[in-house]
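The following exercises are to be worked through with the sequence and the coordinates at hand. Each task is followed by a stepwise solution.

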Amino acid sequence: MRATNLYAPTLRNTPAEAEIASHQLMYRAGLIRKSAGGMYTYLPLAWRTIRKIEQIIREEMDAAGGQEIMMPILQPSELWEESGRWGAYGAEMIRVKDRHGREFCMGPTHEEMITALVRDEVRSYKQLPLMLYQIQDKFRDERRPRFGVMRSREFIMKDLYSFDKDIAGMNESYRKMSVAYTNIFTRCGLNFRAVEADSGAIGGGHSEEFTVLAPEGESRIACCDACSYAASDEKAALRPINAPDEAELPLAKVATPHTSTIALLAEYLKIPVEKTIKAVAYQTEDDVLILAFLRGDHEVNEIKLVNAVPGARELRMADEEAIRAVGGCPGFMSPIGIKKGTHIVVDETAMRMHNAVSGANEADFHYTNVNPKRDFGAVTVADIRLVEEGDACPVCENGHLHIGRGIEAGQIFALGTKYSKAMGATFLDEAGKTQPLQMGCYGIGVGRTMAAAIEQNHDEHGIIWPRAIAPYEVVVVAVNAKAEEQLAYAEEVYEELRAAGVDVLLDDRRERAGVKFNDCDLIGYPVRIAIGPKTIENGTIEVKIRKSGALVNFARDTYLKGVQDMLAAL
Ligand code: ATP
Ligand code: MG
C-alpha cells in the first residue's frame, strides 16, 4: 500500500470528547470516526489491526476445537422470554419491532440463540463436546458510552459457546478457553492478567476476566503479592477483620450534634474511624430498601451487596422517604430500632466489632458501645466490602492485595445448565437418560482489545503498536518524495521488502519530511525506514524502532536482514 492512496486522515487536534489517550490517538491517527453516539466507523488502518486481531483469535479458537459460524444479529423476543432475560436484561438491550409488530432485540450476546440452535440438533452424548463461535457486531445501549470503541453501543465481539455432557467436560472446555485466551492476548503483545470475576447478567458459576493492564482502565483489579490470586474488585473475596478483644459495655445513647458524616463523628467523639459503623441505603429496581452497614472506613461493593440479597439486580441510592418509612434517619443510621422485615446487610468485619459507635436513628444522636452480635438482631451478614490496597489475601497466609487498573478485554464463564435447563436443551447420556447440556460462554471485545493495546502502548508522540497487531509492521518513507531519485529508491526498497513477505507501507506523499515523520510516530508503525539524501549519496539506510527510538544505519546489502532481525526481536 502507498500512503498516497491510503485513507488515513490524521489530525493535529484532539476532539474534546476524547477523554483518554487511546480514544484521542485513534481519532488523531485516522483510525476511527464517530457516526453517532457510541457508534464508530473503522477506517482502513484500524480495520487492518482488527483483521489481525481476529485472525489471531480465529487461529486460537480453531486450535482449541472451535468451529466458526455466523448467527443473525436480530433475535426474536420469544427466545429471551424462555430464558427469562427479556425482562431482566433492562435498558441496555436495543429492542425493535418488525412490520408485523413482532419484537426482536439487536443481539447483546447470543446464549439464547445458540442454545436454541443446539437443542434442535444435538440429541446424543456422541455429538459432544461442541464449541461454536462467531465474530460479529453486538449491540448494547450502554448507560454511558465513552472512550470511543472501548465502550461503544455497537461493537465487535468474538463469542464462543461450549456444550458438554457433564461438569468435568465443561471444566475441560473452560480450561481450553482459558489457555486460548492467554495465547491470544500474549500473541497480541499485551501485558494482561486473568482475574477471577463476577458473572453478572450472563450468570452461571466460575468466571475470569482477561484484563489488559493500563493506568486509565475502568476495571480495578486486586493481585496478591505472595501468591497467584488475582480478582476484579467486584469479585475480590475478603477475610473478615477481627477487632481487638474488649469486654462488652452497655449500650448508651449520646448527643452528637452536627455529625452526619463519619469524619465529623470520629472527630467529635475523638475516636478512630475504625470504631465507627456507617450505613449506606439503597433501593432495588423494585423499590425494595436495602440498608448496608460497614466499618466507617470501608466502602460498599455493590456487586457483592446485590449478590447478598436474593432477587436484587440493580441498586440505586435510596430516597430519604423510603429510609424514614422504616424508622431510619439519614446520617444517623443503625440497625437498632429499624422496622422488622427491612433488608439489613452487615459486613462481616463490622459484625466483629466491639463497643463501636453507630447512629441512633435520630438526628444528632449516636449509640456508643454497640456490639453488633449482641445488639443487631436478625440481620444478613456477608462480605460486602470493596477491596482496598493492602487487604489480606483471601487465599494465602501472608500475602497482601495490591490494586491495579486495567481494561477488561475478554471474559469467560462456566455457565452450567442455566440456559439449557431454562430452554430445554437436553441430550441422551450413555445410559439413555435425558440430561441438560453443560455450557460455557467466552467473549472477547475485538475493538476494545485494539483500544486497550493503544492505551497500554503509547507515548506523547502517538501509538506504539505491538508488532503482531500493527496495521503495517514497517513504513518506508521517501524523505523528500519530490526528489525523483529518493522516491525511486524508496519504491525499490518497498518492493524488496514486499517480496520478502514484510507487511510494509510506502509513504510516498509529497509532504514535508517533518510531517511524514510525525505521522509515522502518531500512527505507530513498529519500524520506520527512511530513504533520504544520504541513501542516494552512499547507500545508507536509516532504520528506526518506534518503541525504543533506536536509530540504526544499515548498508544497502545488509538492511533487509537487519529489518527482519529487528522485527523478530519486537
Ligand atoms: P463491561 O463490564 O466492560 O461492560 P461486560 O462484562 O458487560 O463488559 P461481556 O458480556 O463480558 O462484557 O462481553 C465480552 C467482551 O465484550 C468484554 O470483555 C469486552 O471486551 C467486550 N465489550 C463488552 N461491552 C462492550 C462495549 N460496550 N464496547 C466495546 N466492547 C465491549
Ligand atoms: Mg465481562
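**Exercise 1. Describe the setting of T109: which side-chain contact is made, and is the residue buried or exposed?**

Step 1. The side chains of T109 and E111 form a polar contact at 2.7 Å. A polar contact is a pair of N or O atoms within 3.5 Å; within protein, one must be able to donate a hydrogen and the other to accept it, and residues adjacent in sequence count only if both atoms are side-chain atoms.

Step 2. T109 sits in the loop between β6 (103-106) and α5 (111-119). Helices (H or I, at least four residues) and strands (E, at least two) are DSSP runs, numbered from the N terminus.

Step 3. T109 counts as buried because its relative accessibility is 3%. Buried means under 20% relative accessible area, exposed over 50%, and partly exposed in between (1.4 Å probe, protein chains only).

Conventions for all exercises: this is a predicted model, in which local features need pLDDT of at least 70 and side-chain atom pairs count only at pLDDT 80 or more, while totals for chains, interfaces and linings use all residues. Residues are numbered from 1 along each chain as its sequence is written, chains are lettered from A and ligands numbered from 1 in the order in which they are written, and side-chain values use heavy atoms, with hydrogens and water left out.

**Exercise 2. Locate T417 and state why T417 counts as buried.**

Step 1. The loop between β21 and α12 (418-423) contains T417.

Step 2. With a relative accessibility of 17%, T417 is therefore classed as buried.

Step 3. Q438 is 21 residues away along the chain, yet its C-alpha atom is 5.3 Å from that of T417.

**Exercise 3. Characterise the surroundings of ligand 1: how many residues surround the ligand, and which are the closest?**

Step 1. Ligand 1 is surrounded by 14 residues, with E142, R151, S152, E408 and A409 the closest. A residue is near a molecule if one of its heavy atoms lies within 4 Å of it.

Step 2. A nitrogen atom of ligand 1 lies 2.7 Å from a polar side-chain atom of E142. Oxygen atoms of the ligand lie 2.9 Å from a backbone N or O atom of A409 and 3.1 Å from a side-chain N or O atom of Q411.

Step 3. On its own, ligand 1 has 590 Å² of accessible area, of which the protein covers 85%. Accessible areas come from the Shrake-Rupley method with a 1.4 Å probe.

Step 4. By class, the shell has five nonpolar, four polar and five charged residues. Ala, Val, Leu, Ile, Met, Phe, Trp, Tyr, Cys and Pro count as nonpolar, Asp, Glu, Lys and Arg as charged, and the others, Gly among them, as polar.

**Exercise 4. Examine helix α15: which of its residues are buried, and what follows the helix?**

Step 1. α15 spans residues 513-523, and its buried residues are V515, K516, D519, C520, D521, L522 and I523.

Step 2. After α15 comes G524, which has a positive phi near 85 degrees.
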